[in-house]
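Please open the model in a viewer and keep the selection tool at hand.

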Amino acid sequence: MASINANYLKLKAGYLFPEIARRVRTFTEEHPDLAPRIIRCGIGDVTEPLPSAVREAMHAAVDEQGDRSTFKGYGPEQGYEFLRQAIVENQYADLSISADEVFISDGSKCDTGNILDIFGPGNRIAITDPVYPVYVDTNVMVGNTGEADSKGAYEGLLYLPCTAENGFVADLPTEKVDLIYLCFPNNPTGTVATREQLKGWVDYALAHDAIILFDAAYEAFIQDPEIPHSIFEIEGARDCCIEFRSFSKNGGFTGVRCAYVVIPKTVTGSTPDGTRIPLHQLWSRRHSTKFNGASYPVQKGAAAVFSPEGKEQVAALIQHYMGNAALLREACQTAGLQVFGGENAPYVWVSCPDGVSSWEMFDKMLGEAQVVITPGAGFGAAGEGYFRISAFNSRENVEEVCRRLARVFG
Ligand code: MLT
């Protein structure tokens, strides 16, 4: 008999977003008349079409694949040089990142999960709470945790609460940890960390020989010029940080799939006997063994995000979604709800009215307004009492959500 990875049995219920989809399906089966009214502001999935610069580049790449003289088979596992170079020039200018420190992939969800392949057992892992559930679940899957308690917190992880009091930026751990997951602009709270706060984290990591796994999937939404877009803007980060970036939310690639990981060659981990090994070397080995590269037309499309037309079109998309976020913030505030985030990120994080739990709020918004939101508790125990509204939608839908919020809380 084949034995299984029993760590999977420790996982709580379903992954958050499929679970929300299941509840929405049940609601529509019970209320078929209300189904057409449903507006989805749950999962952060883009709604606007791909920029034309991206589409044209992808079309041209497909045509190349139709001609023997330009046809391409397997590409470099790490990604085509043209894309890695464009990333370095456009996203990391003056940050001392070289093209061979960039690894192209098909998504940050996979990257933030797969990165655990290169770390050994026994690491003390710090996770902010609330948090993007992938970081937690993938640690459970590889056996880095014990069982979950009644609130869903796993034994063995160090949870760092992010609350209204600390501005949803976790305080530094008071003990030594080895791996730290940070996400800024933050999913789910939509808040950002200042340069000083990020410096505090990098200094902590250097002092404790820890690695920061920095998820910057939402950096393109930053409006405040003082807020860093990359952890590599912070001195010392080249020695202790790995950064994850994606084309999903800026270029609208959630359905196309393209992302990248930046691992400076100077970041190292340790063998049991204390020998230092560059993590770049391990990730490179992992990537070339388990991945055959993102597809050529997709990488061509991603590179077009950095063309002059692509930049203009992406800026318009960002402006659109951030305009939505501003409307949602205002509508929640007018409804008397306390609002966070949504100024440098496409997520608005809202306090539930007193005594209402976040899943009760989910049911209320679905039942009374036919609006799908994400319950804060789905992101961790500290998310209880909050809900997240995604600004990824059409303007028309967002305006309608604002009207319905006014009706439900009016
Ligand atoms: C979210 O809604 O948190 C994100 O869309 C999930 C993801 O990017 O995988």
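Begin with the surface display: the protein chain exposes about 17,600 Å², and carbon and sulfur atoms supply 51% of this area. Accessible areas come from the Shrake-Rupley method with a 1.4 Å probe, and for residues only the protein chains shown count as cover. The model is predicted, so local features need pLDDT of at least 70 and side-chain atom pairs count only at pLDDT 80 or more, while totals for chains, interfaces and linings use all residues. Residues are numbered from 1 along each chain as its sequence is written, and side-chain values use heavy atoms, with hydrogens and water left out.

**The whole chain**

Select the whole protein chain next and colour it by secondary structure. It comes to 11 helices and 15 strands; helices (H or I, at least four residues) and strands (E, at least two) are DSSP runs, numbered from the N terminus. The C-alpha trace of the protein chain spans about 60 × 55 × 55 Å along its principal axes.

How does the radius of gyration of the protein chain agree with that of a compact globule? With 410 residues, such a globule would have a radius near 22 Å, and the protein chain has 21 Å, which agrees. The radius is taken over C-alpha atoms, and the globule rule is 2.2 Å times the number of residues to the power 0.38.

Of the 410 residues of the protein chain, 53% count as buried. Buried means under 20% relative accessible area, exposed means over 50%, and partly exposed lies in between (1.4 Å probe, protein chains only). Among contacts between residues at least 6 apart in sequence, 73% join residues at least 24 apart; a contact means heavy atoms within 4.5 Å.

Now display the charged side chains. The mean positions of the 35 positive and 52 negative charges of the protein chain are 4 Å apart. Lys and Arg count as positive and Asp and Glu as negative, whereas His and the chain ends are not counted. The place of a charge is NZ of Lys, CZ of Arg, CG of Asp or CD of Glu.

Select Ile389, which lies in strand 15 (residues 386-390). Is Ile389 buried or exposed? Ile389 is buried, because its relative accessible area is 0%. Not counting residues up to four places away in sequence, Ile389 touches several residues, including Cys41, Leu328, Val350 and Leu405.

Select His287 next, in helix 7 (residues 279-290). His287 counts as buried because its relative accessibility is 3%. With residues up to four places away in sequence left out, His287 touches Glu77, Gln78, Phe103, Ile104 and Ser105.

**Aromatic pairs**

Show the rings of Phe, Tyr and Trp (its six-membered ring): they pair if their centres lie within 6.5 Å, and planes under 30 degrees apart count as stacked, over 60 as edge-to-face and the rest as tilted. By this rule the count comes to 23 aromatic pairs. One of them is Tyr80 with Tyr296, an edge-to-face pair at 5.2 Å centre to centre, with 70 degrees between the planes. This pair links distant parts of the chain, 216 residues apart: Tyr80 is in the loop between helix 2 (52-65) and helix 3 (81-91), and Tyr296 is in helix 8 (residues 296-304). Tyr80 counts as buried at 11% relative accessibility, and Tyr296 is buried with a relative accessible area of 6%.

Move on to Phe168 and Phe340, an edge-to-face pair at 4.9 Å centre to centre, with 65 degrees between the planes. Phe168 lies in the loop between strand 4 (157-161) and strand 5 (179-183), and Phe340 lies in strand 11 (residues 339-341), 172 residues apart. Phe168 is buried at 2% relative accessibility, and Phe340 is buried at 15%.

**Backbone angles**

Most residues other than glycine have a negative phi, and most peptide bonds are trans. Keep Phe168 selected: its phi is near 65 degrees, a positive value in a residue other than glycine. Gln370, in the loop between helix 10 (358-369) and strand 13 (371-372), has a positive phi of about 55 degrees although it is not a glycine.

Finally, select the loop between strand 5 and helix 6 (195-208), where Pro185 is found. The peptide bond from Phe184 to Pro185 is cis, with omega near -10 degrees. Pro188 is also found in the loop between strand 5 and helix 6, and the peptide bond from Asn187 to Pro188 is cis, with omega near 20 degrees.
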